Amino acid sequence: MLKKTFLSPFFMPLFFIITWGCFLAYVFMYHGNSILSFVKNGKFIEDVSHLGYMVLVACLLWYCDDFKDKIKSWGIFLFLSMCTFLREYGIHRHLSKTDTTPFKSRFFLNPDNPVGEKIVFGILLIIIAVAVGYLAVKYSKFLVTSFFKLNTISWSVATMCTIGLVSKIIDRFPSNYRKANGVELSDSVYEILQLIEESSEMFLPYIAVMTIVQYHIEYKKR
């Protein structure tokens, strides 16, 4: 029964909605007057995210035999997981000697930043973009077609991608709102948006881990 439930295409979206909803209810109930402080200074979300990416890297190493294309697909999954893991640890804030982060457009447009750093980090961004593009080209057709056939892995991947996309939109919303209207969002709205963004991203590595486990169980059936 538990195995059948875990392998249901609806498991991952429902798991996220229920678990995330319970977490938000807890935050509003016990930290409603200091949401931003809980998100930024409490480090709970940050620590849980760090743990999740460590588990994800370990999971990829543990189930490496499930991936037939180890040189490409598995290697890219591992590479991107480690990049995300390092980013969550804030390593990007310490890479440039002259700027806060080398992975934003302003870094490459700033004439005060060294050309050498721009070349190195530009190449790294290109490598990451090519890796993501390779996975998108290789798997997008299967994921789209199998999604409508209620394929479990497709629904789990779709859940993860949707969360990641929405969280990035929310992340950029305050600055885009300020540019469009010339005023800042109210503190209460900003706090809620920060909570939604940070807390939803916290689940991403765990959803990825469970998707790998789902694939492993399905893989053993073949």
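How close do the axes of helix α2 and helix α8 come, and at what angle do they cross? In this predicted model, the axes come within 7 Å. They cross at roughly 40 degrees. Helix α2 spans residues 11–31, and helix α8 spans residues 152–181. On the α2 side, Met12, Pro13 and Phe16 make the contact. On the α8 side, Trp155, Ser156, Thr159 and Ile163 take part. By class, the residues of this contact are five nonpolar and two polar. No charged residue is among them.

The axes of α4 (residues 44–62) and α9 (residues 187–202) come within 9 Å and cross at roughly 25 degrees. Because this angle falls under 35 degrees, α4 counts as roughly parallel to α9. The crossing of α4 past α9 is left-handed. From α4, the contact draws on Ile45, Val48 and Ser49. From α9, Glu198, Ser199 and Met202 contribute. Three residues of the α4 contact with α9 are nonpolar, two are polar and one is charged.

The loop between α7 and α8 was considered next. Helix α7 covers 115–147, and Leu150 sits in the loop between α7 and α8. The phi of Leu150 is near 60 degrees. This is a positive value in a residue other than glycine. Most residues other than glycine have a negative phi. Leu150 has a relative accessible area of 42%, so the residue is partly exposed.

Conventions. Residues are numbered from 1 along each chain as its sequence is written. This is a predicted model: local features need pLDDT of at least 70, side-chain atom pairs count only at pLDDT 80 or more; totals for chains, interfaces and linings use all residues. Side-chain values use heavy atoms; hydrogens and water are left out. Axes are lines fitted to C-alpha atoms, for helices over the stretch in contact, and angles run from 0 to 180 degrees between N-to-C directions. Helices (H or I, at least four residues) and strands (E, at least two) are DSSP runs, numbered from the N terminus. Contact means heavy atoms within 4.5 Å. Ala, Val, Leu, Ile, Met, Phe, Trp, Tyr, Cys and Pro count as nonpolar, Asp, Glu, Lys and Arg as charged, and the others, Gly among them, as polar. Angles under 35 degrees count as roughly parallel, over 145 as roughly antiparallel, 65 to 115 as roughly perpendicular and the rest as oblique. A crossing is left-handed if the near helix is turned anticlockwise from the far one by less than a right angle, and right-handed if clockwise. Buried means under 20% relative accessible area, exposed over 50%, partly exposed in between (1.4 Å probe, protein chains only).
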